[in-house]
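This report covers a ligand site and a helix pair. The sequence and structure come first.

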Amino acid sequence: MPQHSFRCLPAVDLVVRDPGLQAIAGLLPRQQVLGWIRAGIDECRQQIVAGREFTNEAAVSYVVKHTLDASHFEMGRRQQSVINATGILLHTNLGRACLAEAAVERMNAAVAYSNVEMNMWTGRRNKRGERVCELLCELTGAEDAVIVNNCAAATMLTLQTVAAGREVVISRGQLVEIGGGYRLPEVFAASGAVMREVGTTNRTYVHDYEGVITDRTAALIRVHRSNFYQGGFVTEPDTAELVQLGAAHNLPVIDDIGSGCMHSLESLGLAEPTIPESVATGAELTLFSGDKLFGGPQAGIIVGKKERIAQLRSSPMARALRIDKVTLAALEATVEIHLSGAAREHLPLLRMMYESVDSIRARCEQVVAGLKCDDRTSVEIVECVSEIGGGSVPGSQVTSCGLAVTAPDPVRFARDLRTADSPVQAVIRDGAVRLDLRTVLPGELQPLVESLNAALQAAQSSGMTS
Ligand SMILES: *Cc1c(COP(=O)(O)O)cnc(C)c1O
């Protein structure tokens, strides 16, 4: 291999100043960009070893392209705000519930010093989260509450504290996997509680539970089927029946309802257990997520009987799993909104769920009026279907209204939307890019118009090429 063929390889300093890199690579840490440039130069060197020839210019553009590809990938996963046009209200990949404005303000107030463990009137210390727990009791009718990082942590803390080394009875139809590594049998194993399965996949009766109760039994658990549904010959006892059985044997019932629904969704045609119902039915502990139908930040909330909650709170695990002050602030504001009785107006999630199709259609028309199409692109207003998603109300469908965009290359169009100045997540269906406006926030309409116009313009100027 002649030595001189490596002379075409550019210096790192030269590549880093390349104008083609400035726009995107300038947004990322310099160390990272330098690493990609070095890796690009190495790759180029290996190609030369393999017999390929480069001019100096070709080597520079090879390394620039390598660095740009890495930068695009990196920018794509850097956390940023996204306009959710998927119509999935609780989109796990897009962070579940949007926080209320008041929750965002309360978070901002908590980021520096804040009275997380102090009463500013008395000047004395108070317990972290005490106020939120009291408000939660008022809201749900429970005697006490404890808050941890998420509902997975709530399940773990509950099983470990109530039942480590003993048995908890569960129906075979409720051994759910939620996603993100949450599989109930594995949560049981990690908690040290012994899972005592009863019944069958589709049918479990009260006498199945009763038949396995011994002095090793610590509790009965009911777990909501959050992300799937069963049809046909399906039977399982409701919470009331389990509570009755538990009372007869002096056993607590743990009710993991998951979604944290506060009010019946019947008017939307959706059946979802509510927190107050679970508490009123007599479950000793009711567990739910803060960022599903509750419409708040990520949190695991346990409400229930005083003695049980006290037992959970004094566990070292409760300390290990506690939520941070900023999240706690957002949760406090969210609970206040629920208590104010104006959740449908102030919680984005509920506002979206209850928005009428006519109102959504009016927003579609507003967007379409701002778009510039040509003979290669078109935008149509179409009826579509939103979903609740995010591990609640499995199979739920709510009629909605959206846009169907046709462009020569829909995959490219969808990527242009995702990487626009205001990133938009849409879906491709039947060859068209579809945007459901139910999940687009009111303040996002103008940015959405701009991102759509940028993608339309790119489609018009590139035609079929991608
Ligand atoms: C979502 C869910 C969980 C997990 O909640 P995270 O807050 O995501 O940890 C646990 N149990 C049920 C029934 C759920 O629906």
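## Basis

This is a predicted model, in which local features need pLDDT of at least 70 and side-chain atom pairs count only at pLDDT 80 or more, while totals for chains, interfaces and linings use all residues. Residues are numbered from 1 along each chain as its sequence is written, and side-chain values use heavy atoms, with hydrogens and water left out.

## Ligand site

The ligand is surrounded by 14 residues, each with a heavy atom within 4 Å of the ligand. The closest are A152, S226, D256, S289 and K292. α7 (151–163) and β8 (253–258) each supply at least two residues of this shell; helices (H or I, at least four residues) and strands (E, at least two) are DSSP runs numbered from the N terminus.

Oxygen atoms of the ligand lie 2.3 Å from a side-chain N or O atom of S226, 2.9 Å from a polar side-chain atom of R96 and 2.9 Å from a polar backbone atom of C151. The protein covers 94% of the 380 Å² of accessible area that the ligand has on its own (Shrake-Rupley method, 1.4 Å probe).

## Helices α18 and α19

α18 (residues 410–418) and α19 (residues 445–462) pack at about 140°, their axes 9 Å apart (lines fitted to C-alpha atoms over the stretch in contact, angles from 0 to 180 degrees between N-to-C directions). In α18, R412, F413, D416 and L417 meet residues of α19 including L452, A455 and L456, contact being heavy atoms within 4.5 Å.

Note on methods. Polar contact = N/O pair within 3.5 Å; in protein donor to acceptor, adjacent residues only side chain to side chain.
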